[in-house]
Amino acid sequence: MSGLSVRNLWKAYPSAESKDDVLVALEDVSLEVREGEFVCVLGPSGCGKSTLLRIAAGLEKPSLGTVETPSRPSVVFQEHGVFPWLTVAENIAYPLRLRRVPRAQRAARVAELLDLVGLTEFASYYPAQISGGMRQRTSVARALADDGSVLLMDEPFGALDEQTRVVLQQELLRIWEQTSKAVLFITHSVDEALTLADRVVVMSHRPGRIIAEVEIPFGRPRDIIALRRDPRYGEITYQLWNLLERDDAARDDDEEVAA
Amino acid sequence: MTTVDTRVTSDRDQITAQLEDAVRAERGSVWIRRLGPYTPVFLLVVWEVLSRLGVLDARFFPPPTAIVETFIELLVSGRLITDALMTLSRIAVGFVLGAIPGLLLGLLLGSVRSVRLLLEPVFSSLLPIPKVAIYPLLLLIFGLGETSKYVIVAIGVFFYLFFNTMSGVMQTPPLFDDVARANGASRIQRRFTVSLPYALPSIFTGIKLATGGAFVIIAASEFVGAQSGLGYMIWSSWSTFAVSKMYVGIVTISALGYGATALEGLLERRLVPWVKY
Ligand SMILES: Nc1ncnc2c1ncn2[C@@H]1O[C@H](COP(=O)(O)OP(=O)(O)O)[C@@H](O)[C@H]1O
Ligand SMILES: [Mg+2]
């Protein structure tokens with residue numbers, strides 16, 4: 001059973017400028033995430049990363065191409081994705097409640113997940129009463145409660161301060177390493193991509209195309225702090241930045257031609 | 001060294017004193033703040049004196065003590081309680097009959113664009129009709145019994161709940177709907193687990209406005225179409241020139257309305273606990 005398979009995916013939106021025109025957000029994107037694999041999609045802002053994730057999550061339809069998953073994926077959204085009217089525990093229980101999981105079973109599972117993400121003490125707090133980091137832990141725990149075999153994450157730590165982000169990255173790896181989930185993790189941060197991923201998929205500026213796939217050689221389990229002393233860390237950082245910059249330069253040329 | 005220290009300290013004391021003065025000046029006079037809560041009592045005393053001296057016409061403004069006397073009489077005879085309960089039960093039944101469809105339709109129109117485009121003009125055009133203006137028609141249809149009162153209150157309440165629920169639902173950030181869909185929520189489940197809780201604060205605003213509206217409507221309806229209730233009590237006092245009794249009716253209605261709104265406030269704090277954070 002494969003994880004996630006995206007084949008020749010295109011997505012266009014109606015253009016805001018002219019009625020006859022369309023805005024191409026994704027151009028012929030193909031990628032594969034195998035069971036138990038952690039793949040990061042790295043690309044500049046506006047290149048269509050969220051669009052890719054929303055299509056993979058079934059929230060939007062592809063214009064062309066296909067997306068296949070063995071079952072409905074679970075999603076961790078960018079910030080503000082937890083319901084402000086539910087407590088931490090209720091947010092985590094949400095997918096179980098939708099499926100009408102019996103109360104006792106639900107409570108037991110939520111307790112496990114609260115423990116896993118270190119929020120047991122905050123079970124009955126509302127999102128407005130906890131920090132941004134805790135809200136994203138809640139979000140992760142909710143996706144784990146939903147328990148799809150594919151986990152989609154859209155810059156879940158993007159709004160956090162650097163220290164909190166590193167702590168959550170390490171925890172995410174610890175939790176994921178105990179599962180066999182296929183993860184598609186979206187980020188605009190070079191550092192985050194190579195810290196987390198088995199493989200980094202680099203996207204170009206809009207229209208988003210895949211310009212490279214980079215294998216990350218670090219093993220598992222990973223210590224993401226110790227990683228930073230590894231000589232390959234600097235090497236891969238340089239390589240990824242180079243890919244992004246070359247794309248940037250190409251775009252500038254295009255614009256000059258257009259002008 | 002020591003001299004410098006002293007200077008700094010004395011400066012500090014002086015500045016602290018100045019700061020205290022400044023803060024006090026901003027808060028306003030202590031006297032005025034202490035007196036605030038007693039001004040209504042003071043006005044009642046003035047009213048009493050002026051009425052007894054004949055400066056105020058006691059036929060229209062009987063002294064408050066006379067009103068209290070009438071209040072006690074009506075209370076002891078049981079008349080006041082009967083009328084108040086009558087009015088309250090009409091409001092309660094009418095409220096439920098109007099609030100539930102208002103809430104459900106608000107939820108539907110707020111979340112389904114096509115239905116909204118089709119039906120909203122109907123409700124918007126019915127909204128400005130003064131509800132008491134259709135009371136004669138309701139009396140024709142339902143007769144002088146209780147049903148006509150329930151229906152007029154229900155119609156009034158319906159609009160408050162409907163429009164407040166709809167606007168609350170329409171403001172729901174699309175992200176929350178996405179989260180629900182991504183977790184496998186069906187359409188119906190999304191309405192009740194996302195739109196409804198998101199709109200709850202706005203729904204409670206509707207409930208409070210509807211309560212005020214319901215008292216106005218029921219009082220007006222009881223003026224003409226009833227033989228009981230606080231509205232009837234006020235109206236019949238007018239025709240018999242029992243002005244004190246009229247005041248008792250007015251004060252009782254306002255007290256009941258105030259009590260109802262306070263109860264709703266308590267309910268709101270229980271049902272919408274996340275808003276206070
Ligand atoms: N619903 C939409 N309607 C029109 N254009 C959209 C819509 N969603 C995204 N886009 C456009 O598609 C492009 C990619 O957006 P997005 O996927 O959010 O980028 P990213 O997540 O990489 O920053 C952007 O130019 C954006 O304006
Ligand atoms: Mg995005």
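1. Basis. The model is predicted: local features need pLDDT of at least 70, side-chain atom pairs count only at pLDDT 80 or more, and totals for chains, interfaces and linings use all residues. Residues are numbered from 1 along each chain as its sequence is written, chains are lettered from A and ligands numbered from 1 in the order in which they are written, and side-chain values use heavy atoms, with hydrogens and water left out.

2. Extent of the A/B contact. Chain A brings 24 residues and chain B 18 residues to the contact (contact means heavy atoms within 4.5 Å). The size of an interface is often given as the accessible area lost when the parts come together. Here the area buried between chain B and chain A is about 1900 Å², and carbon and sulfur atoms give 65% of that. Buried area is the accessible area, with a 1.4 Å probe, that two parts lose on being put together, summed over both.

3. One salt bridge is counted between chain B and chain A (a side-chain nitrogen of Lys or Arg within 4 Å of a carboxyl oxygen of Asp or Glu). A:Arg54 and B:Asp178 form a salt bridge, with their closest N and O atoms 2.5 Å apart.

4. The chain B side. Helix H9 (174-182) and helix H10 (187-225) of chain B are the elements that give two or more residues to the side touching chain A. H9(B) gives the most, with seven residues. Helices (H or I, at least four residues) and strands (E, at least two) are DSSP runs, numbered from the N terminus. By class, this side of chain B has twelve nonpolar, four polar and two charged residues. Ala, Val, Leu, Ile, Met, Phe, Trp, Tyr, Cys and Pro count as nonpolar, Asp, Glu, Lys and Arg as charged, and the others, Gly among them, as polar.

5. Ligand 1. The residues around ligand 1 include A:Tyr13, A:Pro44, A:Gly48 and A:Arg206 (near means one heavy atom within 4 Å). Strand S2 (22-33) and helix H1 (49-56) of chain A each supply at least two residues of the shell, and the largest share, three residues, comes from H1(A). The shell divides into five nonpolar, five polar and two charged residues.

6. Atom pairs at ligand 1. Oxygen atoms of ligand 1 lie 3.2 Å from a backbone N or O atom of A:Cys47, 2.9 Å from a polar backbone atom of A:Lys49 and 2.6 Å from a polar side-chain atom of A:Thr51. The protein covers 63% of the 560 Å² of accessible area that ligand 1 has on its own (Shrake-Rupley method, 1.4 Å probe).

7. Salt bridges overall. The whole structure has 28 salt bridges over all chains. In one of them, A:Arg220 pairs with A:Asp198, the closest N and O atoms being 2.8 Å apart. A:Arg220 lies in the loop between strand S9 (210-215) and helix H7 (231-258) of chain A and A:Asp198 in the loop between helix H6 (190-196) and strand S8 (199-203), so the pair ties together parts that are 22 residues apart in sequence.

8. Backbone points. The peptide bond between A:Arg206 and A:Pro207 is cis, with omega about -5 degrees; A:Pro207 is in the loop between S8 and S9 of chain A. A cis bond also joins A:Arg220 to A:Pro221, with omega near -10 degrees. A:Asp28, in strand S2 of chain A, has a positive phi near 50 degrees and is a residue other than glycine.

Conventions: Polar contact = N/O pair within 3.5 Å; in protein donor to acceptor, adjacent residues only side chain to side chain.
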